[in-house]
Amino acid sequence: MKKGAQLAKRLSPSLSTILNLNASTHSLLSSSPWWSASQHRGVKVNAIHLRPGNVIEKSGRVYQIVESEHKQRGRGGALMQVELRDVDNGNKVSLRFGPEEPVERVFVEEKSFTCLYTEKNTAFLIEPETFDQLQVPLDLFGKSAAYLKEEMKVTLQLYDGRPLTASVPKRVTCTIKETQTPMKGVSATPRYKKALLDNGVTVQVPPYLDTGEEIIISTEDDSYLGRAN
């Protein structure tokens, strides 16, 4: 935590009090000019184009799509099985749509932040222009939360002053903490071997890489992309 606080001081000479994203601070976040989300309703899209992370309005409720699957019902035709999370109460529901059925999509604002540090299940972020700070659950980043580090630029997707999802850059640099040493004299070597990264993630890397090397990893599927420059 001390290290994160020191970073915050470097980024700003005077920082506001950390904003907690809960009911008591919701009104403050909503009224802040930098925090105001820009939603655009009334845009109809066919259900077949719905993707996880999209936000839609249905029967007066606003939902975020968790999962969307195209299913074939034999003679009954195709349908879209969509798992949704109610933005207001967090409850999950399952709905079915025809592939060409029009659905009202709600567009949300994406905003950039800088990660100060993480502690337990929380990420502490700072808005680079106003230097306002806030806390968000690591769950918003999904499995990509493992790649969070100090000074990393991240993106939040906001609806009505509330963060729905968060994402890290698609490509990050990591250091190999532990991996098997290349064996000399072995004619048949595997194409890949396991490597433990400095963030605790295990990935597959080429056999010629060794402990201590910096490599580029895709945060979308944990795949090796190449050596870092």
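Reply: What follows covers the pocket, the aromatic rings and one leucine. This is a predicted model, in which local features need pLDDT of at least 70, side-chain atom pairs count only at pLDDT 80 or more, and totals for chains, interfaces and linings use all residues. Residues are numbered from 1 along each chain as its sequence is written, and side-chain values use heavy atoms, with hydrogens and water left out.

Me: Which residues lie nearest the centre of the largest pocket?
Reply: Leu140, Phe141, Thr165, Ala166 and Ser167 do, out of 18 lining residues.

Me: And which strand gives the largest share of that lining?
Reply: Strand 11 does, with four residues; strand 10 (153–159) and strand 11 (162–167) each supply at least two. Strands here are DSSP runs of E, at least two residues long, numbered from the N terminus.

Me: Switching topic, how many aromatic pairs are there?
Reply: The count comes to one aromatic pair, where rings of Phe, Tyr and Trp (its six-membered ring) pair if their centres lie within 6.5 Å, and planes under 30 degrees apart count as stacked, over 60 as edge-to-face and the rest as tilted. The ring centres of tyrosine 117 and phenylalanine 124 are 4.5 Å apart with planes at 15 degrees, so this pair is stacked.

Me: Is tyrosine 117 buried or exposed?
Reply: Tyrosine 117 is buried at 11% relative accessibility, and phenylalanine 124 is buried at 9%; buried means under 20% relative accessible area, exposed over 50%, and partly exposed in between (1.4 Å probe, protein chains only).

Me: Where does leucine 116 lie?
Reply: Leucine 116 lies in strand 7 (residues 109–119) and is buried at 0% relative accessibility.

Terms used. On a 1 Å grid over the protein atoms alone, a cavity is a set of points where a 1.4 Å probe fits but cannot get out, and a pocket is an open set with protein on both sides within 12 Å along at least five of seven lines; lining residues have an atom within 4 Å of a point.
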